[in-house]
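Please consult the sequence and the model while reading.

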Amino acid sequence: MRKLKEIFLGKDKQNPGVEDPGNIFVYKSKEDISTIIVTILGVNPDFLEEIIVTTKRKLPRKSDRLIYLTDNPDFTIFRRHGVIFEYLPPLVEQRLHEADMPWQAYLRERWGLLLAKWRPRRVLAYGTTIDSFLAAAPTASVRKTPDVPKS
């Protein structure tokens, strides 16, 4: 503890009997960063690049971070532009696996987690709004059990 105190106060005179602990790096997250979530749900994939380029050019200040929320399973465009993105399964996928998953509950919880994780100051919607996307999700269905003869 004394060594750390000396380093931070600039009194880091080496004691020949003590091993050098190496360089110490102190990381501090930027407190001034604000987040904008850009939802691009139900958008034709041909328009994704235009949306990304436009929002990157027009929206962020130096202290802004853009997070793209997509239902497009092809992440190539996001990776090519080096942007942060989150994924929610599209409605077609949800309907395909409707019996296996309580989609509405899952997606609402996932959206809540994304809001807690990124704490956006603003949500910008392209295509379907997040509220409409969540409302369109299949509700929990009761799985039918096979008829088993009683013995």
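## Salt bridges and fold

The side chains of lysine 117 and glutamate 86 form a salt bridge with an N to O distance of 2.8 Å; the term denotes a side-chain nitrogen of Lys or Arg within 4 Å of a carboxyl oxygen of Asp or Glu. Lysine 117 belongs to helix H5 and glutamate 86 to strand E3, so this pair ties together parts that are 31 residues apart in sequence. Helices (H or I, at least four residues) and strands (E, at least two) are DSSP runs numbered from the N terminus. Glu86 and Lys117 are linked with Arg110 in a network of salt bridges.

The model is predicted: local features need pLDDT of at least 70, side-chain atom pairs count only at pLDDT 80 or more, and totals for chains, interfaces and linings use all residues. Residues are numbered from 1 along each chain as its sequence is written, and side-chain values use heavy atoms, with hydrogens and water left out.

The structure holds four salt bridges, including the three tabulated here.

| Pair | N to O distance |
|---|---|
| Lysine 117 and glutamate 86 | 2.8 Å |
| Arginine 121 and aspartate 64 | 2.9 Å |
| Glutamate 49 and arginine 80 | 3.5 Å |

In the pair of arginine 121 and aspartate 64, strand E4 supplies the arginine and strand E2 the aspartate, 57 residues apart. Aspartate 64 is buried at 12% relative accessibility, whereas arginine 121 is partly exposed at 42%. Buried means under 20% relative accessible area, exposed over 50%, and partly exposed in between (1.4 Å probe, protein chains only). Glutamate 86 is also buried, at 10%. Glutamate 49 and arginine 80 meet in a further salt bridge, which links helix H2 to helix H3 (residues 76–81) across 31 residues.

The protein chain has six helices and four strands. Seven bridges join strand E1 (residues 34–41) to strand E2 (residues 64–70), and valine 38 has tyrosine 68 as its bridge partner in E2.

Arginine 119, in the loop between H5 and E4, has a positive phi of about 45° although it is not a glycine. Arginine 119 counts as exposed at 67% relative accessibility.

Conventions
Two strands pair if DSSP finds at least two bridges between them.
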